[in-house]
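Q: I would like to go through this structure with you. Could you take my questions one at a time?

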Amino acid sequence: MIAARLAAVVVVLAASSRATAAIDGGAGADGDAARDDAARDGVANDGHDGAGDVSAARGDAAADTWSDAPSTPTVPLRGRVLQKGTRRPLAGAAVTVDGVPAGESGPDGVFELRVAPGRHRVQIQTTGHDIADQTIEAGAGATGAVELFRLAPRLTGERYETTVRTLRPEIQQIDVSGEEARAVAGTGGDPLRVIASLPGVQQIIWPASVYIVRGANPGNTGFYLDGVRVPALFHIALGPSVIHPYLIAGVDFYPGAYPANFGGFVSGIMAARTTPPPADRVHASADVTVYDAGGIMTAPWNRGRGTVAVAARYSYTGALFSLLAADSTLRYGDYQIRVDHPLAGGQATVFAFGALDELGWRNLNVPEYASLQFHRMDMRWRRALAGGRLLAAATVGADWSRSTLFDRPIRARGLSVAPRLLYDRPLGAVDVLVGADAIAQDFDAAVPDFGRRPSDLGRSRQALTVGGHATLTLHAGPRLNIAPGIRGDFFAEQGVRRSIAQPRLDVAFQATDRLTLRANGGRFAQMPSLPVSVAGFEAFGLADLGLQTSLAGSLGFEARLPRNLTATLTGYAAQLRLTDVRDIDLMSIDPGAPDFLVSRRGRAYGAELLVRRADVGRLYGWLAYTLSWSRRQDESGVFGPSDWDQRHILNLVAGYRLPRGYAVGARVHYNTGRRAPVIGSGGSYQNLPAFYTLDLRVERRIIFDRFVMAVYADFANVTLTREVVQVVRNYDASGQPYAEERSFRLILPTIGVRAEL
C-alpha cells in the first residue's frame, strides 16, 4: 500500500515535469562608485578607532623608504578590504603603496596608513582573490574618507578555504559539507537528499525521500537537526528537506553503530547541522525554483553580540497540480527561526522550526488525502565548565497528522517535551562524554471504528523515554583509539515499562600513515514504530509488540590514496527484531487493529565501498557501492527476503568547477530492483526490474559588487528510465492470471535562481 500510494503521487508528478526557467545577469562597478557605497557597507567617514601602527606593520624597508624626508607632511590613507559580492571583511590582505609593501588589513578588513599628499597607486592582494589596483588621491580635503577595495574571488574552480571539523576516527561516519551536498546532481540543490547517494542507503521509490539503511525498515532510521530529534527531515512526495537548503552547514551520516549520545533507533542516524548566523551585518538571500520559493535573512542585534536568522519556503505545486491534474493536490512549506546571544558566561540559542505537507488524490472516485505537520522549539545553552564543555537543552514539540482510510478520517495529535544534558572533557589520554536525555509524549488519536478493539496506535495515550549514556575514548598511543560506551534507556507506555542496556565499542587502529582499521559494535533499542515513520503515530504497542532491538557490528578499513582520494571498505551484520505489517499482501488494512503489526526477527548483512575525492579542488565526488541482504522471519520460523531486499546499489557522483563561475555535475545511479509482493496473489513475491538514472547539473555563479547571484539547472533521470514500483495480480480476457507491472517515467527538473546580499 505504501508503494502504491507513492506510485500514485509520482505518476501525477510526471505531468508537471515540463516547467523551466532561466535567468542571467551581468556585473560591474568602478572605484568611484565603491567609495560612494562606503557608508552603506558599514564604513563611517569620520575615521576608524581601530587603526594600527602602520610603520611597524610595513617592515624596515618600507620605513626606511618612507622616512627619508621627515619634514614632508603626511595625510592619513584609510581603507577597508571586502570580498566582492558577499562584502565579507578580508583580514590579512597585503597592502602595497606605489610598489612598496605598507601593511595589511586588520580583522575587520580595515587598514590605515600615512602617505604624502597626492596621487598614489594602491594594490591589495590576498590568497584566492584577484588583485585590487586603484589610484587614490590623498589630500587634506579628504582626510576622513575611507576607501573601499573589493576583491573578487578567483572563479578558477580551485578551493582556497576549507572547514576542518574534529571527527572521532573510531566511528564509521560520512561527513558531507552543505556546499558539496548542494552541488550533487539530482538533489535539486537540496543538501539532505545527498543521503540517497551514500553507501548502505536504499531509496524505496525515486524521487520520494523514503530511505532504508542497512536492511532495516525506513522507520528505524533516526533524523536529528542540531541534536533535536525530528519525525522526518523531508517533505513527502517531491521530497525536499524540511530545512531551507542554505541554512544547512553539513550532514553527518552514521550507517550503523552510531554514538551513544544518540538513541531511540535500531538502524542508522542522519544528523544535519545548521549554520550559525554571521554577526558582521545584515545578510539576505532569496531563491526561486520551478516548485517553490524561499529566503533567508540574518542580522546582528545588541551591537553585534547576538544574531538572528529567519528562513522560510513555500511551494506553489498546488497551483501547478490544479492546472495539470484537477483531482490531485500537493503542497508543502517550512520555516526556521534561530536566535543566538551570550548568556551567563556561555552561548544561548533558541531554534524554532516546523514543516507542513498536504497531499490529496482520488482513488476509484473516492477522495483521499494526507496532511502532516510538525513544530519544534529548541532552547539550548553551552559554556566551558571545569575544563570541559557543557550543553543544557530542552525541546518542546507538536505534531498533527490527518488522512483518510477507506473514505473515513484518521487523525493524531502529539505533544512532546525533551530535555537533554551533555558534558565532554579531555582527561589526559582519555576523552569523557556523559549525558542524559528524555522525551515525554502525549498523543490524542482517532481512527475509524472497524468493530474491533483498537490497538494503542488507534487510542489516546502517553509515553515516556528516559536515557543516560557515557563514552570513554582512550587514546592508547598515537595509532590506537578505543572507545567503550554504554547507553541505558527506560521506556514506559500505557502502564507498561521496559528497560534495556545498550553497550557500544568502537576501535580504530592506524596501521600505517595511510591505512586505518576500524571495528564497531553495539546494541540498540527503539519503541515500536510504523514501517514508515509518520508524525503523530509513534511510541505505541509496547505491551503487544515489545521493544525493537538490534545487535549490530561492522569491520573495515580506510586507505588514504594519492590525489586526495580515500577508499573505505566495510562489512556489516545485524540481528534485528522489528515491527512489520502482518498482512504482506496488503489486502486488509486497518492500522487501528491489534493484529495490524507484528514483531518479526530479521537479519541484515553486506558490504559497502566508498571511494571519495576530497572537495578541495576543481574535481570532487565519490563512488559508493552497496552489496546487501535483508531477511525477515515469517510466522513459520523461516527466514526469507524482506520487502527491502536489494542486492546491488551503485552511485557515482562527480562535480567539476570551471573558470568564470561555472560548475557542472553528474550522478549515475543503478540498482538491481528490490523484492516486492505481488499484490492480490496471496503472498507471492518477485524481484522488480533493475533501475538506473543519469542526473545532470550546471550552475553559473555571478559576482556583482554588492551581491552574488547563482543560476542553476538540475535534471534528474535525463534518461527517462522507466521505474517499476508495484506488481499486481491481474487477469486477461480468458481469465488467466498474470503479473501486471505498474511503472512510470519521469524527468524531474529543478531550475532556479538565487541572489545573496
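Predicted model: local features only at pLDDT ≥ 70, side-chain atom pairs only at ≥ 80, totals over all residues.

Q: Which strands each supply at least two residues of the lining of the largest cavity?
A: Strand 40, covering 708-716, and strand 43, covering 748-756, each supply at least two residues of that lining. Strand 40 gives the most, with three residues.

Q: How much space lies in the largest cavity, and which residues lie nearest its centre?
A: The largest cavity holds about 300 Å³ of space. Its lining has 23 residues, and those nearest the centre are Thr187, Gly188, Asp190, Pro240 and Thr750.

Q: How do the residues of that lining divide into nonpolar, polar and charged?
A: The lining of the largest cavity has nine nonpolar residues, seven polar ones and seven charged ones.

Q: What is the volume of the second largest cavity, and which elements give two or more residues to its lining?
A: The volume of the second largest cavity is about 200 Å³. Two or more residues of its lining come from each of strand 36 (662-671), strand 39 (691-703) and strand 41 (722-731).

Q: Which residues lie nearest the centre there?
A: Gln203, Ile204, Asn671, Phe691 and Glu723 lie nearest the centre of the second largest cavity, which is lined by 17 residues. By type, that lining divides into eight nonpolar, six polar and three charged residues.

Q: How many cavities of 30 Å³ or more does the count come to?
A: The count comes to eleven cavities of 30 Å³ or more.

Q: Let us step back to the chain. How many helices and strands does the protein chain have?
A: The secondary structure of the protein chain consists of seven helices and 43 strands. The chain has 757 residues, and 53% of them count as buried.

Q: What share of the contacts with a separation of 6 or more comes from residues 24 or more positions apart?
A: Such residues account for 63% of those contacts in the protein chain.

Q: In which sense do strand 1 and strand 4 pair?
A: Strand 1, residues 75-83, pairs with strand 4 in the antiparallel sense over six bridges.

Q: How many bridges join strand 37 and strand 38?
A: Strand 37 (residues 675-679) pairs with strand 38 over three bridges, in the antiparallel sense. The bridge partner of Pro677 is Tyr685 in strand 38.

Q: Which residues is Gly602 in contact with, leaving aside its neighbours within four places in sequence?
A: Gly602 is then in contact with Ala574, Gln575, Leu576, Arg631, Arg632 and Phe639.

Q: Turning to the backbone, which peptide bond is cis, with omega near 5°?
A: The peptide bond from Trp206 to Pro207 is cis, with omega near 5°. Pro207 is in the loop between strand 9 (201-203) and strand 10 (211-213).

Q: Where is Asn302 found?
A: Asn302 is in the loop between strand 16 (292-301) and strand 17 (306-315). Although Asn302 is not a glycine, its phi is positive, about 55°. Its relative accessible area is 36%, so Asn302 is partly exposed.

Q: What about the phi of Gln494?
A: Gln494 is not a glycine, yet its phi is positive at about 55°. Gln494 lies in the loop between strand 25 (480-493) and strand 26 (496-510), and it is partly exposed, with a relative accessible area of 39%.

How values were computed: Residues numbered from 1 in each chain as written. Heavy atoms only, no water. Pairing = 2+ DSSP bridges. Helix = DSSP H or I, 4+ residues; strand = E, 2+ residues; numbered from the N terminus. Contact = heavy atoms within 4.5 Å. 1 Å grid on protein atoms, 1.4 Å probe; cavity = no way out; pocket = protein on both sides within 12 Å on 5 of 7 lines; lining within 4 Å. Points joined across faces, edges and corners; volume = space filled by probe spheres on them. Nonpolar A, V, L, I, M, F, W, Y, C, P; charged D, E, K, R; others polar. Buried < 20%, exposed > 50% of the residue type's maximum accessible area, 1.4 Å probe, protein only.
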